[in-house]
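Here's a quick briefing to read with the model open in your viewer.

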Amino acid sequence: MTAIEFTYHISKVSKSLKPFAMRLTKDSEDANDLLQDTLLKAFTNRDKYADGTNLKAWLYTIMKNTFITNYQRMVRKNTFIDTSDNLHYINSFENSTENEAAGKFVMDDINRAVNALEEAYRTPFMLYYRGFKYHEIADRLRIPIGTVKNRIHIARKELKDKLYVYAHAF
């Protein structure tokens with residue numbers, strides 16, 4: 001395939017790449033850069049493209065791999081290395097300590113919210129939380145499996161409403 005033919009085929013497919021780039025980067029400028037990098041890589045590596053291969057899938061793969069490479073490069077660039085005798089990463093969380101008081105407050109709120117549920121909803125929810133399957137809960141409580149699913153759904157919904165302040169906190 002000549003360079004002109006290859007460019008023509010890419011131009012037909014490239015319109016579908018922009019939305020994918022937006023989903024990956026979540027930013028218009030970064031998406032444009034990613035699209036440009038992808039098309040440049042595709043053109044410079046056109047000799048590696050085999051006729052009959054799905055061009056769109058090939059371009060999507062190049063874009064995904066380019067995004068991952070750029071992301072990894074950014075993470076490495078933002079990792080600070082301490083050059084003292086200890087030689088450890090400054091932004092390493094291995095030796096970090098969290099504020100356990102905040103966690104205790106959250107757990108207290110969660111326990112209060114669960115205990116405030118009606119017994120009919122709390123029991124199936126807690127059994128499900130402990131790892132029981134729907135059919136096991138239904139057998140244990142002697143109620144239909146649909147009722148178990150419904151009560152767990154309602155319990156989750158009520159807990160979500162009561163604990164909305166923690167939705168984006170962590």
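What you have here is a protein with eight helices and zero strands. Keep in mind that this is a predicted model. Read from the N terminus, the order of elements is simply α-α-α-α-α-α-α-α. Of the 170 residues in the protein, 22% are buried. If you take the contacts between residues at least 6 apart in sequence, 55% of them join residues at least 24 apart.

**The largest pocket**

- The largest pocket comes out at a volume of about 190 Å³.
- Which residues line the largest pocket? They are T25, D30, D33, L34, D37, F67, N70 and Y71.
- Two elements, α3 (28-44) and α4 (55-77), each give two or more residues to that lining.
- The largest share belongs to α3, with four residues.

**The loop between α1 and α2**

- Two serines are worth a look here: S14 sits in the loop between α1 and α2, and S16 lies in that loop too, with α1 spanning 3-13 and α2 spanning 17-25.
- Is S14 buried or exposed? S14 has a relative accessible area of 16%, so it is buried, the cut-off being under 20%.
- S16, at 22% relative accessibility, counts as partly exposed.
- Both serine side chains go for a backbone oxygen: S14 reaches that of S11 at 3.3 Å, while S16 reaches that of V13 at 2.9 Å.
- Leaving out residues up to four places away in sequence, S14 touches L35 and L39.
- How far apart are the C-alpha atoms of S16 and K56? They are separated by 8.4 Å, although the two residues are 40 residues apart along the chain.

**Aromatic pairs**

- The structure holds five aromatic pairs.
- Why is the pair of Y128 and Y134 called stacked? Their ring centres are 5.1 Å apart and their planes are at 10°, so the pair counts as stacked, which takes planes under 30 degrees apart.
- Neither tyrosine of that pair is buried: Y128 is partly exposed, with a relative accessible area of 30%, and Y134 is partly exposed at 27% relative accessibility.
- Elsewhere, F6, Y49 and W58 are linked by ring pairs into a cluster.

**R122 in helix α6**

- You'll find R122 in helix α6, which covers residues 119-129.
- The side chains of R122 and E119 are joined by a polar contact of 2.4 Å.
- What else does R122 contact, once its neighbours within four places in sequence are set aside? The list is V114, N115 and L117.

**Positive phi without glycine**

- K26 has a positive phi of about 65° although it is not a glycine.
- In the chain, K26 lies in the loop between α2 and α3.
- K26 has 66% relative accessibility, so it counts as exposed, for which the cut-off is over 50%.
- R142 also has a positive phi, about 55°, and is not a glycine either.
- Where does R142 lie? R142 is in the loop between α7 (134-141) and α8 (145-162).
- R142 counts as exposed as well, at 78% relative accessibility.

Methods:
Residues numbered from 1 in each chain as written. Predicted model: local features only at pLDDT ≥ 70, side-chain atom pairs only at ≥ 80, totals over all residues. Heavy atoms only, no water. 1 Å grid on protein atoms, 1.4 Å probe; cavity = no way out; pocket = protein on both sides within 12 Å on 5 of 7 lines; lining within 4 Å. Points joined across faces, edges and corners; volume = space filled by probe spheres on them. Polar contact = N/O pair within 3.5 Å; in protein donor to acceptor, adjacent residues only side chain to side chain. Contact = heavy atoms within 4.5 Å. Phe/Tyr/Trp six-rings, centres within 6.5 Å; stacked < 30°, edge-to-face > 60°. Buried < 20%, exposed > 50% of the residue type's maximum accessible area, 1.4 Å probe, protein only.
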